[in-house]
Amino acid sequence: MGTGGSARREVTRARYAVAAVFAVHGAVTGSFATRVPWIQEHAGVSAGQLGLALAFPALGASVAMPLAGGVSHRFGARTALRGLLALWTLALVLPSLAPNLVALCAALFAFGATAGMSDVAMNALGVEVENRLDKSIMSGLHGMWSLGALLGSAAGTVAAHLGSDARTHHALAAATLTVTGLVACAWVLDLQPSADEEAPPRFALPPRSALLIGAVGFCAVFAEGASLDWSAVYLRDRMDASAGLAAACTTGFTLTMAVARFAGDAVVDRFGAVRTVRFCGVLATLGGLLIVLADRPALAMTGFALMGLGIAVVVPLCFAAAGRSGANPSLAIAGVATITYTSGLVAPSAIGTLAQATSLMVSFCLVTALTCGLTAFASVLRAGDRGRAVAGGPGTERIAARRGDAG
């Protein structure tokens, strides 16, 4: 019993540690998102050029994310996460240093590569902790990511309001977050491959289950990426809002996401993943319609807040479902992570390109259309619950009953 109690304490400690890692990861994103208008002006790029530059994080992530499993296999999960997270936090300084479009594209390529690899590593550890604790925690972990994004964007709002140079702001933020991340990584699970375990392939197609689950995540993360990177620009350009108010819109978006994710585990346990995502899709669609039809900043900000509320729990449920599906959970998690994360990094580029050709309002019509997909395709998340139940083991019937969904 003593050994079991010690193991339980270790897993509980690892839960809080990986939660801190999620918060650090989110803080980097929030710090970057609120200063996108400053970075755009500093680099002297148009909306279309900014959209092009924002495609490079997606390219960097797509190239680097399949490598995350091999890094974890070679160095162990804890050491791999420590190194990958530090690279991500330090990469925050790169975009604000870019003086032109070419340099911005290169900086954002590195930014996306480090973001994607650390994202895969921390989600894999999060799913492992959830499985060992035998209860839903992924929504709460992603809530910590949103809390970190909220803190990062709040600091960015203050910096933007004061007219601070983003280079100084991001250098200070990167130093603080790097130290915090290194401390947190000391307590995550130190998973090591067995002696006879083969290294994962460098590149492998994700299983079909991951593609289906990833399609739902794609819709949510596209809306998230578009809102994070373009909400401030949307208010500034369409509503003629001040820099401080525009940045506050991003903060409000991340706030509603954080609140919804912290409440998400209880809601999913009560109503099931499918019903939860269907209802959230309705909320996100209403938010998108309000953004498109708004004629004043307050209405647009309310729309972005509803959008955040509606998409908040979708990605955590996608990762949890992937971790319970198929014979190779790690491959499924990597597949879903690649699809969803690439969606979030492609979204800003797509929004900018469409805005250049038409308008930002038309761009967010596309976002609104995609949120309808959450309601339409939510049923694929039921497969993850069944996958875990079929796998067998102590408590699987209870887990399936608690997390399953009759539709």
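Predicted model: local features only at pLDDT ≥ 70, side-chain atom pairs only at ≥ 80, totals over all residues.
**Reading helix packing and a cavity**

Biologist: Thanks! How are two packed helices described?

Modeller: In general, the description rests on the angle between the two axes and the distance between them. Here, helix 5 (residues 68-75) and helix 6 (residues 77-90) have axes 6 Å apart, packed at an angle of about 125 degrees. Helix 5 is therefore oblique to helix 6.

Biologist: Which residues in helix 5 and helix 6 meet?

Modeller: From helix 5 come Val71, Ser72 and Phe75, and they meet Ala77, Thr79, Ala80 and Leu84 of helix 6. Sorted by class, this contact of helix 5 with helix 6 has five nonpolar and two polar residues, with no charged ones.

Biologist: At what angle do the axes of helix 6 and helix 10 cross?

Modeller: For helix 6 and helix 10 (residues 166-185), the crossing is at roughly 170 degrees, and the axes come within 9 Å. An angle over 145 degrees counts as roughly antiparallel, so that is how helix 6 and helix 10 lie to each other. On the helix 6 side, the contact includes Arg78, Leu81, Arg82 and Leu85; on the helix 10 side, Ala174, Leu177 and Thr178 are among the residues. By class, the contact of helix 6 with helix 10 divides into eight nonpolar, three polar and two charged residues.

Biologist: And where do helix 12 and helix 13 meet?

Modeller: Val267, Val268 and Phe271 of helix 12 meet Ala273, Arg275 and Thr276 of helix 13. The axes of helix 12 (residues 243-271) and helix 13 (residues 273-293) cross at roughly 115 degrees and come within 7 Å. In this contact of helix 12 with helix 13, four residues are nonpolar, one is polar and one is charged.

Biologist: Which helix gives the most to the lining of the largest cavity?

Modeller: Helix 8 does, with six residues. The helices that each supply at least two residues to this lining include helix 1 (2-33), helix 8 (101-133) and helix 16 (329-357). By class, the lining of the largest cavity has 15 nonpolar, eight polar and four charged residues.

Terms used:
Residues numbered from 1 in each chain as written. Heavy atoms only, no water. Axes fitted to C-alpha atoms, helices over the stretch in contact; angles between N-to-C directions. Helix = DSSP H or I, 4+ residues; strand = E, 2+ residues; numbered from the N terminus. Parallel < 35°, antiparallel > 145°, perpendicular 65-115°, else oblique. Contact = heavy atoms within 4.5 Å. Nonpolar A, V, L, I, M, F, W, Y, C, P; charged D, E, K, R; others polar.
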